[in-house]
Amino acid sequence: MTQPETLLEITDLDVFYGDFQALFGVSMSVTRGCATALVGANGAGKTTLLRTIAGAQAASAGAVSYGGSDITAAPPHRRIARGIALVPEGRKLFPSLTVEENIQVGAAAAASAQWPLQRIYDTFPMIAQRRRQRASTLSGGEQQAVAIGRALAAGPSLLLLDEISLGLAPVVVEGLYETLSGLRSAGATIVLVEQDLRRAMDACDDLVCLLEGRVALAAPVADVTRDQVVAAYFGEGAP
């Protein structure tokens, strides 16, 4: 049997914002073709970890290995070219640009033959008819679809998703997660930050729980219960 391939390996990662330490010796691995849920309370370090993987935040110590190569010191544009794409919390679209122009920003970073515009529109039909509209005129769900489409335009082998359901109506969230299920079926590797534990555990193969900048629990989803994850989430002792 073929052994699963580790796509991303993080070892003993420390991250600071000035004098404030946000991550303490974080280690985790992500298997190619799998989805990993990254959970934890507000301020646990989830967004910091995603930003560090993407190169938007520098590591103070430790290492980030991607596809077997050390990328700890690589700048963000090199990581995008290698196949790492971040969908940031709050979407961070260019409000004055159209839907299509926002998506083309991702294609300009690292254009992908696998994700031409038409495939993105087919994946997110909610924005297909709004391609000429400015991003500022879209609903929250439509903006989130554009943000994911922008990331896909770069043809990522690793998709980092930070709170994609935040502030959206339940029916919109369901649609986004159906799309993620399709991406997973197509072989995408995903790291997903999600506050809804049930949804995170349903959508992912593996789970990492952060508590005050440290890994409190890391395991396959099938090997842990929701109660064990909640205990780690709130620091209530070993699960």
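Arginine 132 is exposed, with a relative accessible area of 61% (exposed is over 50%, buried is under 20%, and partly exposed is in between, using a 1.4 Å probe on protein chains only). This is a predicted model, where local features need pLDDT of at least 70, side-chain atom pairs count only at pLDDT 80 or more, and totals for chains, interfaces and linings use all residues. Residues are numbered from 1 along each chain as its sequence is written, and side-chain values use heavy atoms, leaving out hydrogens and water.

So who does arginine 132 pair up with? Glutamate 100 is the partner in a salt bridge, with their closest N and O atoms 3.3 Å apart (a side-chain nitrogen of Lys or Arg within 4 Å of a carboxyl oxygen of Asp or Glu). Glutamate 100 sits in helix 3, while arginine 132 is 32 residues away in the loop between helix 5 (125–128) and helix 6 (helices, H or I, of at least four residues and strands, E, of at least two are DSSP runs numbered from the N terminus).

## Two more pairs

The whole structure has six salt bridges. In one of them, the side chains of glutamate 5 and arginine 32 meet at 3.0 Å, N to O. Glutamate 5 comes before strand 1 (6–17), and arginine 32 is in the loop between strand 2 (20–31) and strand 3 (35–39). Glutamate 5 is partly exposed at 42%, and arginine 32 is partly exposed too, at 37%.

Then there's arginine 184 with aspartate 205, at 2.5 Å, N to O. Arginine 184 is in helix 7 (residues 170–185) and aspartate 205 in the loop between helix 8 (197–203) and strand 9 (206–211), so this pair ties together parts 21 residues apart in sequence. Arginine 184 is partly exposed at 25%, and aspartate 205 is partly exposed at 29%.
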